[in-house]
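Load the model and keep the selection panel open. The stops below go from one selection to the next.

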Amino acid sequence: MAWKAIDRVNAPTEESPSLSEPLKEKIRGFFDRYPTKRAVLIPALHMIQDDHGYVGWKAMEEVAELLEITPSDVFDTVSFYSHFWTHPKGEKVVMACRSISCDLLGADRVLDECKKVLGIGDHETTPDGKYSLMTEECLAACDHGPCLMINEKMHKCVDPANVRKILEDDANDKLDIPRSNLYDGANRTSA
Amino acid sequence: MSEYEKVLLKNVGKPNSRQLATYVEGGGYSGAKRALEQTPDDVIDVVKRANLRGRGGAGFPAGVKWSFLPKDREVTYLCVNADESEPPTFSNRVLMEEDPHQLLEGILIAGYATQATVAYLYMRAEFTEQYHIMQVALDEAYNAGYFGKNIQGSGYNLECYIHRGAGAYVCGEETGLIESLEGKRGWPRIKPPFPAIQGAFGKPTVVNNVETLANLPHIINRGADWFLGIGPEGSSGPKLFCISGAVKKPGCYEGAMDFSVRELIESDRFGGGMRNGLKVKAVMPGGISMGILTADELDMKMDFSDPAKYGLLGLGTASAIVIDDRTDIRKVLRNVARFFAHESCGQCTQCREGTSWMYKMTNRVERGLGRLQDIELLGEIPAKMGMMPGLSICGLSDGAAFAIRTIVEKFRSELEDYVRSENDDAVRIALEIAN
Ligand SMILES: Cc1cc2nc3c(=O)[nH]c(=O)nc-3n(C[C@H](O)[C@H](O)[C@H](O)COP(=O)(O)O)c2cc1C
Ligand code: SF4
Ligand code: FES
């Protein structure tokens with residue numbers, strides 16, 4: 001439920017990172033794209049999450065200051081979107097499509113296999129911090145269902161029998177096309 | 001079904017179709033150059049005459065929408081809707097993946113016609129690969145002087161930025177998109193005021209779908225009459241159709257809007273027939289929001305006017321999911337109900353509560369714990385709980401209502417049979433007692 005985000009208000013349990021100066025600079029670089037600073041919020045949140053792996057409380061406060069809005073404005077936005085997380089997730093987030101086309105092509109078997117291989121349930125993270133699993137609505141690749149997305153990379157026509165192989169492949173989240181680093185976090189190291 | 005020569009997808013499969021040089025070699029950006037030599041009103045006029053109807057779902061004529069912009073405006077924004085989240089739709093993905101410059105040229109033409117100063121391409125977060133493709137193409141287009149200041153020496157300036165969403169179906173609704181662009185939660189706005197008067201940042205704004213804009217270079221180059229000559233009256237021009245599910249060749253295809261759902265499934269040009277000798281049980285031909293057809297209703301034409309005759313909301317995204325005869329309709333019902341319950345933004349009581357309530361019931365029915373009154377209510381809630389056109393802030397609740405109501409109405413006896421056959425189930429009785 002978009003109005004009932006899964007990761008919602010839990011008091012901060014971990015020390016969350018601050019925005020580095022290069023990251024702030026990167027966010028400021030978006031100021032002239034929009035007539036208001038608040039509009040830079042969603043791009044900024046993408047950059048923060050890309051850099052930190054999640055959008056922590058400290059980052060929310062600091063980005064609020066940077067954009068001259070209140071931390072509650074920031075939280076209001078963050079809590080609405082299913083692709084921003086306020087707590088650390090695994091290095092790789094596995095998103096399994098469960099909408100109608102994928103469902104009819106056996107998405108539940110793919111999801112079950114993911115759960116089995118990773119040993120976790122929906123919206124959980126493996127103890128080694130490597131993988132998180134979540135279900136998603138239609139990923140707009142219904143002609144190739146069942147679909148599984150790992151970070152940026154889409155895996156199409158996934159056969160449950162291949163799930164283990166996909167999850168064990170180190171490059172399972174890497175795109176092999178020319179990329180733009182405009183939205184990447186400032187400290188992003190992986191290509 | 002007429003002979004058809006591809007327009008929108010003609011570059012698919014060409015080597016290096018994403019590169020500017022390839023696009024220009026094939027005549028690309030000539031439409032934009034031609035448009036820049038005309039007055040903006042001339043461009044609006046030809047698009048109006050072509051009766052280019054919006055491809056995002058509502059089918060509103062683009063030229064008419066543009067002419068709602070106030071004459072004395074100072075700033076105009078163009079928002080390009082690439083949120084594409086309606087299951088099972090993927091035509092915008094194909095357009096961006098295979099031919100990014102066609103869309104960029106369309107953006108430039110629409111920008112010029114509406115005298116926009118900034119165009120925002122709103123892409124859903126899950127379009128990761130497509131984002132990189134579009135951004136790389138946009139950089140190339142900027143370098144070649146198709147965006148920025150004094151475009152191709154015309155004196156017209158247009159900036160184009162990609163704005164990435166963050167996972168919310170409702171941000172595809174045009175005012176939800178605008179709120180999201182402004183950095184807020186994607187809560188649709190009450191209309192009026194319409195975006196053309198007061199949209200993004202309080203300024204006149206046009207929101208158009210990716211496919212709508214991809215048509216523009218061709219309309220400018222070949223004229224309104226060419227466009228009107230494709231397909232039936234009121235549904236003219238090239239159109240993309242998606243088909244997925246139990247067919248041999250799922251995919252995105254192009255054609256005129258002059259064939260039936262049956263042809264979409266059976267024709268070798270499209271779905272290529274059913275897979276493994278399966279039979280059609282049902283089809284949702286326009287995205288799940290539009291409603292369902294039974295196997296007896298496959299004569300419905302894939303155009304803007306025919307769907308209403310079959311009790312559907314409209315042509316929607318012209319994306320069909322073909323459901324085969326082995327499929328339990330309860331599974332379809334539950335999946336669809338879950339989607340809307342998950343994606344309702346929660347502003348309107350009947351949508352927030354209604355969708356969740358319906359999901360709970362469909363869940364019960366699918367798990368074999370249904371009651372006859374559940375089926376009754378599932379037919380009634382969409383029809384009577386105020387989820388009718390005009391009573392909600394946005395169209396999501398209408399979509400939910402059409403999707404669920406048509407399934408329940410058209411497959412009522414099957415659903416009731418399931419429920420009746422579970423009458424002796426001990427768990428069920430226990431549940432009844434508990435309730
Ligand atoms: C819940 C909801 C979701 C929508 N999602 C999309 C979408 O993903 N893409 C899109 O182009 N239009 C979507 N629309 C339709 C838009 O509101 C709008 O009509 C469209 O973008 C206008 O463009 P067009 O006139 O070029 O079709 C959606 C509408 C609703 C009610
Ligand atoms: S109809 Fe539903 S999705 Fe649309 S604004 Fe109301 S609650 Fe939100
Ligand atoms: S239903 Fe899974 S990608 Fe569309």
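Select A:D76 and B:R185 first: their side chains meet in a salt bridge, 3.0 Å from N to O. The term means a side-chain nitrogen of Lys or Arg within 4 Å of a carboxyl oxygen of Asp or Glu. Between chain B and chain A the count is 5 salt bridges. This is a predicted model, in which local features need pLDDT of at least 70 and side-chain atom pairs count only at pLDDT 80 or more, while totals for chains, interfaces and linings use all residues. Residues are numbered from 1 along each chain as its sequence is written, chains are lettered from A and ligands numbered from 1 in the order written, and side-chain values use heavy atoms, without hydrogens and water.

Now widen to the whole interface. Chain B gives 64 residues to the contact and chain A gives 50 (heavy atoms within 4.5 Å). The two chains bury about 4,800 Å² between them, 58% of it on carbon and sulfur atoms; this is accessible area (1.4 Å probe) lost on being put together, summed over both. In chain B, pick B:H132, B:A166 and B:R185: they lose the most area to chain A, together 14% of what that side buries.

Next, ligand 1. It is surrounded by 18 residues, the closest being B:G56, B:N81, B:N208, B:N209 and B:T212 (a heavy atom within 4 Å). A polar side-chain atom of B:N81 lies 2.9 Å from a ligand 1 oxygen. A backbone N or O atom of B:R55 is 3.2 Å from an oxygen atom of ligand 1.

Last, ligand 2. Of the 13 residues around ligand 2, select B:C345, B:Q347, B:C348, B:C351 and B:C394, which come nearest.

Conventions: Polar contact = N/O pair within 3.5 Å; in protein donor to acceptor, adjacent residues only side chain to side chain.
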